[in-house]
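Reader: I have a structure open and would like to go through it step by step. Could we start with a helix and then move on to other parts?

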Amino acid sequence: MARILEIAELGAPVIRQKAATVTDVHDDQLQAFIDDLFATAADENGMGLAAPQVSISKRIIILSSHPNARYPYAPNMEPTAMINPELTWGSSEMHKDWEGCLTVPGMRGLVPRHRTIRIRFQNREGVLIEAKYEGFLARIFQHEVDHLDGLVFLDRVESIKDLVTEKEWQKIIANSRQP
Ligand code: ZN
């Protein structure tokens with residue numbers, strides 16, 4: 001039975017550590033942990049989750065994009081576990097958009113990311129997968145992989161003025177959707 005894990009927030013040392021490469025994908029404890037990550041991401045309604053966010057410093061992320069109230073424009077995807085994920089190429093074209101993070105509650109920031117990326121990871125069966133992402137999926141992949149290197153979205157904003165509170169962000173989003 002999968003467990004809901006506690007989210008580590010900014011200030012927890014694990015959030016600033018470089019996570020370790022996974023060497024044995026087939027380990028039973030690791031497989032159970034992936035189930036816990038899925039359950040925790042679903043419980044938090046997160047678009048993604050990285051192992052360091054639940055205090056496990058290993059290179060594992062979950063991507064689980066789906067439209068919701070926080071991100072109405074998010075594409076739907078089958079929740080996917082990515083082990084030892086890597087960005088192998090990023091477009092020179094960057095795109096700025098809003099991000100939030102369970103580890104940084106109450107804040108939103110305008111974050112520049114590569115618009116298109118090529119990536120590589122192992123799935124939970126240990127199969128090496130290569131893919132190309134763009135837009136929102138490319139964004140959440142880059143956000144989650146940053147967590148494996150001890151970075152949060154605050155490190156990527158170009159100016160402190162690109163940071164807002166969740167309450168004010170709700171107003172910005174509501175206004176931007178008006179015709
Ligand atoms: Zn995050």
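Author: Helices here are DSSP runs of H or I with at least four residues, strands are runs of E with at least two, and both are numbered from the N terminus. This is a predicted model, in which local features need pLDDT of at least 70 and side-chain atom pairs count only at pLDDT 80 or more, while totals for chains, interfaces and linings use all residues. Residues are numbered from 1 along each chain as its sequence is written, and side-chain values use heavy atoms, with hydrogens and water left out.

Reader: What span should the 14 residues of α2 have?

Author: Helix α2 covers residues 135–148 and should span 20 Å at 1.5 Å a residue; its end C-alpha atoms are 21 Å apart, which agrees. The expected span is 1.5 Å times one less than the number of residues.

Reader: And how many of its residues are buried?

Author: In α2, 13 of the 14 residues are buried, so the helix is mostly covered. Buried means under 20% relative accessible area, exposed means over 50%, and partly exposed lies in between, with a 1.4 Å probe and protein chains only.

Reader: Which residues coordinate the zinc ion?

Author: Cys 101 (SG), His 143 (NE2) and His 147 (NE2) coordinate the zinc ion at 2.1 to 2.2 Å. Donors are N, O and S atoms within 2.8 Å of the metal (3.2 Å for Na, K and Ca); water is not among the atoms, so sites may look incomplete. Along the sequence, the spacing of the donor residues is C-x41-H-x3-H. Cys 101 lies in the loop between β4 (94–99) and β5 (107–114) and His 143 in helix α2, so this pair ties together parts that are 42 residues apart in sequence.

Reader: Is Cys 101 buried or exposed?

Author: Cys 101 counts as buried because its relative accessibility is 6%. His 143 also counts as buried, at 7%.

Reader: What does Gln 142 touch?

Author: Gln 142 is placed in helix α2 and touches Leu 87, Arg 113, His 114 and Ile 117, leaving aside residues up to four places away in sequence. Contact means heavy atoms within 4.5 Å. The side chain of Gln 142 also reaches the backbone oxygen of Ala 138 at 3.0 Å.

Reader: Where is Ile 117 found?

Author: Ile 117 is found in strand β6 (residues 116–122), and at 0% relative accessibility it counts as buried. Among the residues that Ile 117 touches are Trp 89, Tyr 133 and Phe 141.

Reader: How many aromatic pairs are there?

Author: The count comes to one aromatic pair. Tyr 133 and Phe 141 form this edge-to-face pair, at 6.4 Å centre to centre with 75 degrees between the planes. Rings of Phe, Tyr and Trp (its six-membered ring) pair if their centres lie within 6.5 Å; planes under 30 degrees apart count as stacked, over 60 as edge-to-face and the rest as tilted. Both Tyr 133 and Phe 141 are buried.

Reader: Changing topic, which strands are joined to β2?

Author: Strand β1 (residues 48–50) is joined to β2 by three bridges, and the two run antiparallel. Four bridges join β2 to strand β3 (residues 80–90), also antiparallel. Two strands pair if DSSP finds at least two bridges between them. Leu 63 in β2 is the bridge partner of Gly 48, and Met 82 in β3 is that of Ile 61.

Terms used: A polar contact is a pair of N or O atoms within 3.5 Å; within protein, one must be able to donate a hydrogen and the other to accept it, and residues adjacent in sequence count only if both atoms are side-chain atoms.
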